[in-house]
Amino acid sequence: MAAHMKLQNIAPDWEVYNALMNTAAACSSYREAWAIFEDMVLVGVKPDISMINHLIYAHRQRSSLYLWLIIDRMNQLEITPNVVTFTLLINHFIADKNLELALRYFHDARARGLVPQIKAMHNLVMLAANLNHPRLAIDLANWFEEKSAQHLDHSTWLACLSASAMECYAEGVLHCWKVVVEDQNLTPDQGVCVSVLNTAARHGLPDLATEALRMLKAAGETWEEYHFAAVIEAFCRNSQIKEAMITLDIMRTHGTPATLETTIPILNAMSISIDVFDRSWGIIEEIQKEGKRIDLAALNVLIQASIRLGDLQRAVGTYKSFGEYQATPDIFTFNALLDGCISTNHRQLGDVLLNDMKAAKVQPNEDTYEKMILLCLTQNTYEDAFFYLEEMKVSGYKPYVRIYAALIRKCIVNDDPRYQIAVEEMAEQGYEMPISLARDIRQYANNNGQKGQGGSEVQENVRLDGASQRFIETGGLQEESKAS
C-alpha cells in the first residue's frame, strides 16, 4: 500500500504506517514489520513508541535474541519505552523461560515509575514460582497489588502457595494460605495441602497443620497416617507434647492408628533427659484427669523413651501400669521391651515377656524373633539363638542377613564350628556375604585356626566345605548394611 501511494506521489503519513505496522504485527509478519518501519524512517516520518511496540509484538513467535535489534534501534532513535513496551518485553522473555532478563526489564519499568500490565505480572510471578523461587514470586505479587488497583487471580496465589510449600518456606506459606484460603475462600488440592503439612511439621506450626488437615477433609480426602504424622511433628517442634499425645487418640478414632514412625517426634522430645521424661508422665496424668483416653501408642512411646534413656526399670514400670489406662500391650510394646533386655543383657526378663505375650495371645513377628536371637547371643550360653532361628523360619519369616552375621561372629568368638552352618544357610537364603563378615571369617581361619574334638589344631589355611567356601571367596561382595 505504501509503495502504491508513492507511485501516485502520495506520501504515507503516520496513520498509514501505524495501520500497516498493526496489521503486520497481528500476523506475526516480522520481515514486513521491519520493512515498513525502516521505510517510515527513510521517508522522514518519525516513529514513536507504538511503532516499536508493534515491531516487538511482530516478533512474539521468534526467539528473544531478536529483541536486542529492536531495543538497539529504539535507543538509536531516542524513543522512550512505555508500559506496553515493558509488558511486551517481559512477556517475550518469560516465553523463553528467561527469568533473569524478565526481571531486568521489570526493574527497569519500576525504576521509571511504571507498573507492567497485569498479564505480564501474572506470567512473571508464575515463572518465578514454577522455577522454585517462592520468595521472589510473593514479593512480585505483593508489589503489584500494592501499586495497582487490580488484583492477581487465584491461580497466581495458588502457584505461590504451592512453590512456598514445596520449598518449605514457612513465611510464604503462611502469607499465601491467608490469601488463598481466608481471603479468596479457595480449597487447595491434596498435593498442596500435603506440602503445607510438611512445611508446618518442619517449622513447628501446629495451627497451620490443623488448618491443612481441615482443608483435606473439606476437599473430600480421607485422612491418612502421614497426614496426622505431620500434625504430631508440628506439635512436638512447638513443645506441645500434650496435644501430640491427644492426636494419637484422634488418629485411632478415625481408624488410622499410629505406627512407630508416627510417634518418632514424640519419642525424640521425651527422651531428651530423665526430667523431660518425668514431665511427660505428668502430661499423661493430666490427660487422664480431663477424661480423655490415653492411646496405646502414647504408652508405647513412653517405654521406648525409657529404653533410649537406659532406664529399663522405668520401661517395665510403664508396662505394668497399662491396666490403669485400660490399655492392652501389643507387639510393639513387647518388641520395645525386648530392646531394653538386649541393651542390658537381661535374658530372664526376655523369657518373662515371651510368656506374657503368649498369655496375651500376641503373635510374635519377625522383629520379635530377631530380638530374641540377639538377646540369646548376649549370654555365655547361646544355644537358644539357634532354636529361635528355626522358630522364625517355621513361622514363615526369612531371617535377615544381620541375624546370620551376629550368629557367625558369636560362634567365631567362642571358637564354635557351627559358624560354618550359619554361613552355608545364609548362602542358601540368597544373601551375599558382607565384606566385613568375610574379613572376620578369614582372620579367624588364618590366624586362630580351628580345634578338633581332640584339641589338635587344623592347618593355618583352613578351607571350608562346599558352599561356604565359595561364598566367602566370591567377588563383588557388598557391605553388611546394604545386604540387610
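Student: Which residues lie nearest the centre of the second largest pocket?

Tutor: Of its 13 lining residues, Leu354, Met357, Lys358, Pro364 and Tyr369 lie nearest the centre. Helix 21 (347–359), helix 22 and helix 23 (383–394) are the elements that give two or more residues to this lining. Helices here are DSSP runs (H or I, at least four residues) and strands likewise (E, at least two), numbered from the N terminus. The volume of the second largest pocket is about 200 Å³.

Student: On what basis are such values given?

Tutor: This is a predicted model, in which local features need pLDDT of at least 70 and side-chain atom pairs count only at pLDDT 80 or more, while totals for chains, interfaces and linings use all residues. Residues are numbered from 1 along each chain as its sequence is written, and side-chain values use heavy atoms, with hydrogens and water left out.

Student: What makes a set of points a pocket, and what makes it a cavity?

Tutor: On a 1 Å grid over the protein atoms alone, a pocket is an open set with protein on both sides within 12 Å along at least five of seven lines, whereas in a cavity a 1.4 Å probe fits but cannot get out; lining residues have an atom within 4 Å of a point. Points are joined across faces, edges and corners, and a volume is the space filled by probe spheres set on them. The structure holds one cavity of 30 Å³ or more, and the largest cavity has a volume of about 40 Å³. Its lining includes Met245, Ile246 and Asp249, and helix 15 (241–253) and helix 17 (274–289) each supply at least two residues.

Student: How does the lining of the largest cavity divide by class?

Tutor: That lining has six nonpolar, no polar and three charged residues. Ala, Val, Leu, Ile, Met, Phe, Trp, Tyr, Cys and Pro count as nonpolar, Asp, Glu, Lys and Arg as charged, and the others, Gly among them, as polar. The lining of the second largest pocket divides into eight nonpolar, two polar and three charged residues.

Student: Which element gives the most to the lining of the largest pocket?

Tutor: Helix 20 does, with four residues. The largest pocket has a volume of about 250 Å³, and among its lining residues are Phe332, Asn335 and Asp339.

Student: Why is the pair of tryptophan 68 and phenylalanine 93 called tilted?

Tutor: Rings of Phe, Tyr and Trp (its six-membered ring) pair if their centres lie within 6.5 Å; planes under 30 degrees apart count as stacked, over 60 as edge-to-face and the rest as tilted. Here the centres are 5.9 Å apart and the planes at 45 degrees, so the pair is tilted. Tryptophan 68 lies in helix 5 (residues 67–76) and phenylalanine 93 in helix 6 (residues 83–95), 25 residues apart.
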